[in-house]
Amino acid sequence: MKKKTILITGANRGIGFKLSELLANQGHKVIMTGRNTDKLKEARASIEGLDVLTFQMDVSLENEVIKASKDIGEKVGKIDVIINNAGTVYDSYRMERNAEVPCDTSVDLFEQTMILNVTGSYSVTKHFFSLLDKKYFWRDSLCKVLTSR
């Protein structure tokens, strides 16, 4: 198997962390990103000795995505795979227990969720696209995957 360079957003915990650990153990270079630098360092320390890099990046802030893409491009060059894993549900029932029923969420919290989960994934794909090694796919194929058509 050819070793790949894989970018994973939201990699400091949960599915993103487990993917990072699994792929690094399979011999791939893994680039872990996350909002919280301390939690990212903690996650990185638990998989020490493998080919893993960490970069702070909040996918909901385009300026941070742009900065991270430049920093990663300078440090690593090309990447083979982007895993847009960062995401959450901002939900007043879950967060504050002040809603009457689950999903009784304000428009503001809903918008924050959409910015992180949808706009953030788009922003990462947009700004990291130039770093992708194009020999693995054509742009038309990527667009079809993104639009599910």
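Which handedness does the β-α-β unit made by E2, helix H2 and E3 have?

## Basis of the model

This is a predicted model, in which local features need pLDDT of at least 70 and side-chain atom pairs count only at pLDDT 80 or more, while totals for chains, interfaces and linings use all residues. Residues are numbered from 1 along each chain as its sequence is written, and side-chain values use heavy atoms, with hydrogens and water left out.

## Parallel strands and crossovers

The unit formed by E2, helix H2 (residues 37-45) and E3 is right-handed; that is, with the strands pointing away from the viewer, the path from the first strand over the helix to the second runs clockwise. Helices (H or I, at least four residues) and strands (E, at least two) are DSSP runs numbered from the N terminus. Strand E2 (residues 29-34) pairs with E1 in the parallel sense over four bridges, and with strand E3 (residues 52-56), also in the parallel sense, over five bridges. Pairing requires that DSSP find at least two bridges between the strands.

Ile6 stands opposite Val30 in E2, and Leu7 opposite Ile31 in E2. From E1 the chain crosses through helix H1 (residues 14-25) to E2, and this β-α-β crossover is right-handed. E1 also runs parallel to strand E4 (residues 81-83), to which three bridges join it; here Ile8 stands opposite Ile83 in E4.

## Asp58

Asp58 lies in the loop between E3 and helix H3 (62-76). Because its relative accessibility is 13%, Asp58 counts as buried. Its C-alpha atom is separated by 6.3 Å from that of Gly34, 24 residues apart along the chain.

## Helix H5

Helix H5 (residues 107-128) has 22 residues, which at 1.5 Å a residue should span 32 Å; the end C-alpha atoms are 30 Å apart, so the two agree. The expected span is 1.5 Å times one less than the number of residues. A kink of about 35° in H5 is centred on Thr119, the bend being the angle between axes fitted to the seven residues ending there and the seven starting there. Buried residues of H5 include Leu109, Leu116, Val124 and Phe128.

## Largest pocket

The largest pocket has a volume of about 430 Å³. Of the 19 residues that line it, Gly10, Asn12, Arg13, Arg35 and Gly87 are the closest to its centre. H1 gives the most to this lining, with three residues.

On a 1 Å grid over the protein atoms alone, a pocket is an open set of points with protein on both sides within 12 Å along at least five of seven lines, and lining residues have an atom within 4 Å of a point. Grid points are joined across faces, edges and corners, and the volume is the space filled by probe spheres set on the points.

Definitions and conventions: Buried < 20%, exposed > 50% of the residue type's maximum accessible area, 1.4 Å probe, protein only. 1 Å grid on protein atoms, 1.4 Å probe; cavity = no way out; pocket = protein on both sides within 12 Å on 5 of 7 lines; lining within 4 Å.
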